[in-house]
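Please take me through this model in the viewer, one selection at a time. I would like to know what to select next and what is there.

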Amino acid sequence: MDSAYTLTHETTNIDWWQLADVMARAPLFERKPFELATAFCGSYAVVFAHHDGALVGAARALSDGVYYASIFDVVVAPEHQGRGVGRAMVGALLARLPFERIFL
């Protein structure tokens, strides 16, 4: 992933409509923006990828907080796929998940 990309872990200032568009174009899922906000804000850990300020990817993890975690909803906009963005997001999530088992 080149330096034009940045990763963030905060849900504040995320354009949920833009994330819904990325997911629909991927094409992995069609999700409603308000449901995405609820899901990501309720997750144990989140990561968002930006390219020149635009949201181009996201991933999240759920956990029991003690033993296990699972990674869900890893998505990268089609025009940014194949550049290591997804790998970088999963790596950033793994770094925030200090558990015995992590399911991908």
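Axes here are lines fitted to C-alpha atoms, for helices over the stretch in contact, and angles run from 0 to 180 degrees between N-to-C directions. Contact means heavy atoms within 4.5 Å. Helices (H or I, at least four residues) and strands (E, at least two) are DSSP runs, numbered from the N terminus. The model is predicted: local features need pLDDT of at least 70, side-chain atom pairs count only at pLDDT 80 or more, and totals for chains, interfaces and linings use all residues. Residues are numbered from 1 along each chain as its sequence is written, and side-chain values use heavy atoms, leaving out hydrogens and water.

Select the sheet. Its five strands form an open sheet in the order S1-S2-S3-S4-S5, with mixed pairing; two strands pair if DSSP finds at least two bridges between them. S1 (5-8) and S5 (101-103) are the edge strands, each with a single partner, so one side of each has no neighbour in the sheet.

Next, S3 and S4. Six bridges join them in the antiparallel sense, and Leu62 has Ser70 in S4 as its bridge partner.

H2 lies across S2, S3 and S4 at about 50° to S3, and H1 lies across S2, S3 and S4 at about 90° to S3.

Finally, select H2 (residues 33-41). Its buried residues (under 20% relative accessible area, 1.4 Å probe, protein chains only; exposed is over 50%, partly exposed in between) are Pro33, Leu36, Ala37 and Phe40. They lie on the same side of H2, because they cover an arc of only 100° around the axis, taken from the directions from the helix axis to the C-beta atoms. Their cover includes H1 (16-25), S2 (45-51), S3 (54-63) and S4 (68-76). Phe34 and Thr38, on the other side of H2, are exposed.
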